[in-house]
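Have your viewer ready and follow along.

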Amino acid sequence: MNGGFRYNGRSMLPSNPLLQLAYPRIKSCVPRISTKIWEPVADVPVSFGGHTREHVGFAEAKKNAFKPVKLPFVWGKLFDQGWFKLDLRATPQVKKEGLYLHWHDQGEGTLYVDGAPFYGFDVAHRYCQLPSNFKDLVVESLCLQSAIWHPAATGLDAGGSKLSAVSLCRRNELAWEVYHDLIVLT
């Protein structure tokens with residue numbers, strides 16, 4: 001049967017669908033769709049409480065003298081621990097429902113929400129959905145990168161780990177779903 005599927009005697013597919021073109025078309029649109037997933041809401045100012053080779057717990061780290069930093073910010077040496085406070089006073093008008101935190105650091109980290117560990121950041125996990133009632137965000141960061149298997153893994157800069165973006169954003173659910181539907185085909 002040259003006409004493909006038939007229903008009530010009518011062809012459901014063209015006789016020459018050029019299926020060999022489907023893969024390149026899908027592959028070319030995936031990067032464009034990925035740029036539509038995250039919608040920026042606000043940049044978040046960050047303060048740094050220093051870095052140390054010895055492990056410092058959350059209660060002790062809160063006593064550090066945190067100083068504002070300008071991004072991109074390079075900090076630490078391999079295996080150092082650093083603490084960052086996010087200044088949410090700069091974004092008081094933002095509606096908190098459906099917000100994500102974008103944390104783009106070469107190292108890995110743990111997000112503390114209102115004093116409790118909440119989420120782990122690494123090269124493959126840079127966006128975290130925040131609870132709608134959060135008040136305080138602090139990140140414990142480690143100057144290391146263990147996810148070397150990931151395509152976005154770059155290793156650390158010569159001077160340490162580079163924190164290049166901290167922002168609040170929303171996720172476009174349609175773009176998210178379409179991206180993941182198509183990425184499995186590439």
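This is a predicted model: local features need pLDDT of at least 70, side-chain atom pairs count only at pLDDT 80 or more; totals for chains, interfaces and linings use all residues.

Residues are numbered from 1 along each chain as its sequence is written, and side-chain values use heavy atoms, with hydrogens and water left out.

Start with the largest pocket, which holds about 550 Å³ of space. Its lining has 20 residues, and Trp38, Ala124, Tyr127, His150 and Tyr179 are the closest to its centre. Helix 3 gives the largest share of this lining, four residues. By class, the lining has 12 nonpolar, six polar and two charged residues. A pocket here is an open set of points on a 1 Å grid over the protein atoms alone, where a 1.4 Å probe fits, with protein on both sides within 12 Å along at least five of seven lines; lining residues have an atom within 4 Å of a point.

Helix 3 spans residues 173–183 and includes Ile183. Together with Val184 and Leu185, Ile183 forms a nonpolar patch on the surface, with about 280 Å² of accessible area in total. Such a patch joins nonpolar side chains within 5 Å, from residues with over 30% relative accessible area and no salt bridge. Ile183 qualifies as partly exposed, at a relative accessible area of 31% (buried means under 20%, exposed over 50%, partly exposed in between, with a 1.4 Å probe and protein chains only).

Now to the charges: side chains of opposite charge can pair when their charged atoms come close. The structure holds four salt bridges (a side-chain nitrogen of Lys or Arg within 4 Å of a carboxyl oxygen of Asp or Glu). One of them joins Asp80 to Arg53, with the closest N and O atoms 3.5 Å apart. These partners sit in distant parts of the chain, 27 residues apart. Asp80 is buried at 6% relative accessible area, whereas Arg53 is exposed at 51%. Another salt bridge pairs Arg89 with Asp87 at 2.9 Å, N to O; Arg89 is exposed at 70% relative accessibility and Asp87 partly exposed at 21%.

Finally, look at Ser167 in strand 13 (residues 161–171). Ser167 is buried, with a relative accessible area of 10%. Ser167 and Pro45 are 122 residues apart in sequence, yet their C-alpha atoms are 8.4 Å apart in space.

Key. Patches are made of residues with over 30% relative accessible area and no salt bridge: like charges are joined within 9 Å, nonpolar side chains (Val, Leu, Ile, Met, Phe, Trp, Tyr) within 5 Å. Accessible areas come from the Shrake-Rupley method with a 1.4 Å probe; for residues, only the protein chains shown count as cover. Helices (H or I, at least four residues) and strands (E, at least two) are DSSP runs, numbered from the N terminus. Grid points are joined across faces, edges and corners, and a volume is the space filled by probe spheres set on the points. Ala, Val, Leu, Ile, Met, Phe, Trp, Tyr, Cys and Pro count as nonpolar, Asp, Glu, Lys and Arg as charged, and the others, Gly among them, as polar.
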